Amino acid sequence: MILKLAYNNLKKSFPIYLVYIFTLTLSIALFYGFIALEYSDVITNLSNENKTFSDAFITLVKATSYFVSIFVIFLMVYSSNFFFNVRSREYFMYKTLGMSKRELRKLIFTENIFIGVCSLVLGTLIGMFINQGLCKLLVAYINIDGAKFSIDFSLEALITTAIYFWIILAITSVFSAIKVSKKSLIELKYFQAQVVRKVHTKIISIIVLVLGIVTLLTGFYFSYNSNFDPTSYEFLIASCALLGGTILTYWGIINLLVIRFSKQSHNEKTLQNSLLYNRLQKNKLAIGMISIAFTLIISTLFGTNAMIDYFNTANIIPGDAAIVQYDPDIYNLENINLEAYGLDGHEALYTAYTYRYEEYEFSVVRKSEFDNVMKVIENKEIESSADVVLYDNNSSLSGDFDSPKTQLNKASGLDKLAISSPTNVEVSSNQDVIQLFTSGILVVADSIFPSFQNDNKSLYSEGFDYQFMMFNYRGDQELEENALSLISDVEKREALGNTRMQIINSVMVFQVSMLFITMYISFMLVIIALAILAIQQIMDAIDNQREYNKLRVLGLNVRDIKRIINRNTISYFVFPLVLAITNTIGILICIDKYIYQTIEKTAFSQMLNTEIIFIVVILVIIYTIYIELVKSIYYKIVGV
Amino acid sequence: MNTILEVKNIEKYFGTSSNVVKALDDVSLLVNEGDFIAIMGPSGGGKSTLLNCMSTIDNASSGEVKLAGQSLVNMKQKHIDKIRKQDIGFIFQDFSLISTLNGYDNIALAQTLAGQQVDSAKINEIAQVLSIGDDLLKYEDELSGGQKQRVAAARALIKNPKILFADEPTGSLDTKTSRDLLDNFCQINEQLGTTIVMVTHDLQSASFAREVVFLKDGKIYNKIIRLEHETQEQFRMRINDVYVLICEER
């Protein structure tokens, strides 16, 4: 009987459960789609050399899955609260009929099992298509040997997904069961959803709004100055201020809207506006949070492209290797970014340098001349046939160097320029190095020359963390390996070197992972946020059935009612988005400052590329589906 | 006759410390097996609160309620659930049918939950008594108000409860249907010996009971018992007199 009851309950309440099932199905589909990448032929067929990439990529995907699961659990608990509100009278009825707590729990579990099975089957089917799309995208991106695309189904991924979602479902079921069990009969009988809170006065609302805007601006200010360093106090202040500012701003706006509405002359629009504003007012905290989620999604989406662009190594010179030389007396190894590799001893570097010197001509360029050199590069003024140009006005290197001007003229392009300043290291962050590195510029750190080491101690104390030397191997991996072995021979120990492939892999891991994880988080957060908005709108429909009947009594026909529902639903879905877009503009300005301060581009100019446009289009489609779904459920509940 | 329900000096408060409302004030009541009692009074008088406290739906703030000789005060929830499952039947104004099940399944569910085997013969028998034999396979939205309330009554009675609590059972029905349903209540009360405690604000409905308890401002205002040779109409007139008095005093 419980089984029949559970089945019939779901069947009868299907419109109310539809959004929940749809969201759960999409979540499972995404989860399966991404988890199945680990078992896909694309990853499993990668050669051993590329395992570094695949391992790192899969680890990131898994970590993201655990991260997004927090939001899935939140959604499910939120939904179960909603269903409790809708069904409390029904639970009361069961209890008066003599249903024990155990039987009630059994009923809830059975219903959840039906939903789970239904969502899992559908979700896996959709997930298979998503996985195919992701595999294709992955192949297109990594473009390395062994990455062959083929259509496949992964039982392992299915099992992982099933276990994962059953755990989440079990948590939700337990939560629901506890909630129902804890409520007394009288509470269930007269249960009422939270009533609309008191609206503040106009003055308080204006103060809240101003406070919100000021907090937001403070957040942007600190964000602008934090350089996105999560360990800095500016970053912490910025995060809190953006969070609080968004909610306060939203509260202020909504309060003012409600106050303004209440002072309007009463006409047929009064009731329809009250429905929208009351709902916005009632759920202001949730909508404020959704605005923040949307802000995260949009800024991640557009910021990602900027980040990828920043780290873009599409034009990386094959064969480049980075060596970081540090003074162990002054610096700990932890301070050295592991993207490069560390070596002790100037001899090793010097040997390597000499090794390279025999191969190519060098010139030395002061870092202080960097901007000028960049301009020369951009204007393609370097058209020499020299292999490498080292340019240094005060070059202390002895050797067969031409004058700087001649050397520049000899340089034949980006990949043939080397920069060093024996007296002044201005490469102060890893980003600088990567930028130089990806521009094909050979950087020679000054302290490789022992004679300058003492002079540079003062620079260390000023925060110059890194000294770099980059070798240009012209894509000759054998040559690179020889160099590394030569260095290690000199040092009589293994050189902690990155091969060209490892460097490319690490960059690729970053680039591909950023794109995939952005997609994953964006889709997941969007569907969860939309599901919450949808559930709130459905609750609105249930709460306001009578109000809509009143509108009909007032003379509005079905078409008018539908128009009101459409307007209210779209407004309800768009409101947090507008706030999020405003926030995003501020965040992009901060990203802009952080990323593009040296390369004279703007984040806004780099916001869109094919992938991002594709993701945005899909997100817009999902957004539209949710709005249409909610509208149709709303019509059904209201009876139009 | 044995006492099935005993209410001793119960009080019920609602609200927080700054805004306390006394809904029941020292109410005592005895209900014997086979009684048919109506609780009447103006709205806000505490009728439903009293019914809730007597029927295990709510707890009294003070005082004692004994059901079938067992005090509900400090009784474990599990035990209360068991009493509710076996000894109590409920009928509500809004019918409270499970819309996802048809009439038959609604009744059968109550039997299952009471730990009994589904007994089709018994279901049909009760359905015949309540004149819903032809409507058992219909769902809630296919039944009229009267039919719904009869299904609800059948569902409440199928497990042979010792006492049936009805909260405004005719509140959503028209006069004719109300009368038919209350005739059924009398029939059940007489034939099956089921004790009925009914809350109503309707004079006509109350006149079907054998005893009427009047509540006013949370206190028992009066009790009247139908006399042996008194007609229903005469009884109704007496009820009316008391009710008018209550309303005038308010």
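Which residue is the bridge partner of B:Thr3 in strand 2 of chain B? The close-ups below, all taken from a predicted model, start with that one.

View 1. The partner is B:Asn32, which sits in strand 2 of chain B and bridges to B:Thr3.

**View 2. The open sheet of chain B.** Here are 4 strands, ordered 2-1-4-5, with antiparallel pairing. Strand 2 (21-32) and strand 5 (70-71) of chain B are the edge strands; each has a single partner strand, so one side of each lacks a neighbour in the sheet.

**View 3. Helix 2 against helix 21 in chain A.** Helix 2 (residues 14-35) and helix 21 (residues 610-638) of chain A pack with their axes 9 Å apart, at an angle of about 165 degrees. Angles over 145 degrees count as roughly antiparallel, and this pair of chain A helices is therefore roughly antiparallel. Their crossing is left-handed. From helix 2 of chain A come A:Pro15, A:Leu18, A:Val19 and A:Phe22, and they meet A:Leu629, A:Val630, A:Ile633, A:Lys636 and A:Ile637 of helix 21 of chain A. Sorted by type, the residues of this contact are 8 nonpolar, 1 charged and no polar.

**View 4. Where chain B touches chain A.** On this close-up, 17 residues of chain B contact 16 residues of chain A. Helix 2 (77-87) and helix 3 (103-113) of chain B are the elements giving two or more residues to chain B's side, and helix 3 of chain B gives the most, with 4 residues.

Note on methods
Residues numbered from 1 in each chain as written. Chains lettered and ligands numbered in written order. Predicted model: local features only at pLDDT ≥ 70, side-chain atom pairs only at ≥ 80, totals over all residues. Axes fitted to C-alpha atoms, helices over the stretch in contact; angles between N-to-C directions. Parallel < 35°, antiparallel > 145°, perpendicular 65-115°, else oblique. Left-handed = near helix turned anticlockwise from the far one by under 90°. Contact = placed C-beta atoms within 7 Å. Nonpolar A, V, L, I, M, F, W, Y, C, P; charged D, E, K, R; others polar. Pairing = 2+ DSSP bridges.
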